[in-house]
Amino acid sequence: MLELKNVFVTYDPNTIFMSNALVDISLVIKKNESVGIVGRIGSGKSTLIQLFNGLIKPDNGTVLLDNDDINSKQVDIRKVRKKVGIVFQYPEEQFFAETVFAEVAFGPKNMGVRETELKDAVFSALKDMGFSSEKIAQRSPFSLSGGEKRRVAIASIIAMNPDILVLDEPMAGMDFNGKEKLIKYIKNEIKNGRTLVFVTHNMEELLEIADRVIALDDGKKVFDGRVRDFFSDEKLIEKIGIDIPSVVRMRNKLKKHYSDIPFCRTPMEIASYLKKRDRH
Amino acid sequence: MIHFKDVSFAYKEGKWAVRHINFTVNKGEFVSIIGGNGSGKSTIARLSDGLLLPQEGSVFVDEMDSRAKKDEFLIKEKVGIVFQNPDNQFVGTTVEEDIAFGLENIGVERMEAKAKIEQISSLLGIDKYLHGSPSYLSGGEKQKVAIASVLVMQPDYLVMDEITALLDPVSRKEVLNLVHSIVENKNIGVLYITHITEEVIKSDRVLVLHKGEKIKEGVPAVILQDMKLLNSAGVASLPSVIISEELRKHGIINASFVDEEDLVGSLCSN
């Protein structure tokens, strides 16, 4: 469990450039949850996730991982970073190794995973991200397609077997096929018990993957709750510059005629409801 | 008219980025190109004003061949391009200077330039930012400045390469609506390049690009109903079409709807 208690982060304190990146943020991320973080550019999303593994320290307040303050001297930050794995935006831009294997093995190796277990960790992470053939491991990561690169980059964090996987805009710059695949593998991670936190601008993505939404505006937490409640708060949605996804819009309009239509996350869910109704 | 006539282009010999491309964009027309990553979309943008020259076939702008040295500048005057990242396009320290850059280069007199800039920026709703720095603007506003700098040159054609890709959903809609209203008022031909299916709904025609080849061309109502085609091109289908197709298979409705209002209307009428 990850917990933030009254966290404040200030950039350039005591200068004229001083700005509050995060103001009094408290939140809890429980095991096996899937949480989407949304908000405008500059609302504090990236700052927030960097608090999760101690890359940024709060100016005030505490960050607790399994009840330990991660910024206290008694806590080994390396262990924190093994438990909380962050994949930043466009991670493939930081590839450096000659083979996919070396790229994915880099993290666990640094975390002290032994040579005998390393191979298993790497192949199991690659398999999680949809690479079933072991041949991929010997290829150069630079020779892969955009979608494959992204999945290798995520595999390199999964190889450390983190309890909490944090993804910053995981679908950015990817086309439809790449997105579809990645959504499938990410959903599998959740099913297999991994806790997921992801930052996104894409509401379809949020709708498909997240159980819960945390919305930030100007460094403050303005919403924390279920996805369906988020999309029914029209005032809030407008305030933080979000477009209601087509699926939600259609479902809401259909509700006037079909009063028992449930909340739907995908077009197929709407279709299934209408088909079931037709049968009666 | 922008006219691609059997155009092929390769960055590296033997590896075609686009192959045998044919299409036209007339003045006053809004033509979209949709395709996934690596489909050749951006290459077409760069071929359309002579930034790249085809190895095979020809690109004509109002009958001028893009390979003819003598017409190089005339073509660049006629075709304005806006790219994905507005930050790469800024040259001035104020928004006004930025928009003025092109006009100054072709020797437009100061007062005349000022009048033109004021007119364009009020049309795009950025007149209040003219004396500020472009770097403090939001993504959507920056992209409007980039569009203004191109429009102020009074091009006959506008080529837009993924101009909304870095914008948030609300500014994305705003910028797209703005582009549509400009075309309607100014008799400009637009080539609009995107990977977002929703953005091509209001086009006159849509070209689907896949691995450098045009696999289909038609009006949006037809193209957007073809889920198989879009899938194979790496492009998402509209939720309204996904629902319609599924319901049609089961005989619940008998048409496919691109417009979500139409779908909802049809479902609520019976």
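The paragraphs below begin with chain A and then turn to chain B.

This is a predicted model, in which local features need pLDDT of at least 70 and side-chain atom pairs count only at pLDDT 80 or more, while totals for chains, interfaces and linings use all residues. Residues are numbered from 1 along each chain as its sequence is written, chains are lettered from A and ligands numbered from 1 in the order in which they are written, and side-chain values use heavy atoms, with hydrogens and water left out.

Chain A is split into domain 1 (2–244) and domain 2 (245–280); such bounds come from an automatic or database domain assignment. The centres of these two domains of chain A, taken over C-alpha atoms, are 31 Å apart. Between them, 11 residues of domain 1 of chain A are in contact with nine residues of domain 2 of chain A, where contact means heavy atoms within 4.5 Å.

Helices here are DSSP runs (H or I, at least four residues), numbered from the N terminus. In chain A, helix 3 (residues 100–110) and helix 5 have axes that come within 7 Å and cross at roughly 30 degrees. Axes are lines fitted to C-alpha atoms, for helices over the stretch in contact, and angles run from 0 to 180 degrees between N-to-C directions. Helix 3 of chain A and helix 5 of chain A are therefore roughly parallel to each other, since angles under 35 degrees count as roughly parallel, over 145 as roughly antiparallel, 65 to 115 as roughly perpendicular and the rest as oblique. Val100(A), Glu103(A), Val104(A) and Pro108(A) of helix 3 of chain A make the contact with Val152(A), Ala155(A) and Ser156(A) of helix 5 of chain A. By class, this contact of helix 3 with helix 5 of chain A has five nonpolar, one polar and one charged residues. Ala, Val, Leu, Ile, Met, Phe, Trp, Tyr, Cys and Pro count as nonpolar, Asp, Glu, Lys and Arg as charged, and the others, Gly among them, as polar.

Gly146(A) belongs to helix 5 (residues 146–158) of chain A. Gly146(A) and Glu92(A) are 54 residues apart in sequence, with their C-alpha atoms 8.5 Å apart in space.

In chain B, helix 3 (residues 95–105) packs with helix 4 (residues 110–123) at an angle of about 120 degrees, with the axes 10 Å apart. Helix 3 of chain B and helix 4 of chain B are therefore oblique to each other. From helix 3 of chain B, Glu96(B), Ile99(B), Ala100(B) and Leu103(B) meet Ala113(B), Lys114(B), Lys116(B) and Ile117(B) in helix 4 of chain B. The residues of this contact of helix 3 with helix 4 of chain B comprise five nonpolar, no polar and three charged. The buried residues of helix 3 of chain B include Val95(B), Asp98(B) and Gly102(B), and what covers the buried residues of this helix of chain B includes helix 4 and helix 5 of chain B.

Ala146(B) lies in helix 5 (residues 139–151) of chain B. With a relative accessible area of 4%, Ala146(B) is buried. Leaving aside neighbours within four places in sequence, Ala146(B) is in contact with Val82(B), Pro86(B) and Gln89(B).

Definitions and conventions: Helices (H or I, at least four residues) and strands (E, at least two) are DSSP runs, numbered from the N terminus. Buried means under 20% relative accessible area, exposed over 50%, partly exposed in between (1.4 Å probe, protein chains only).
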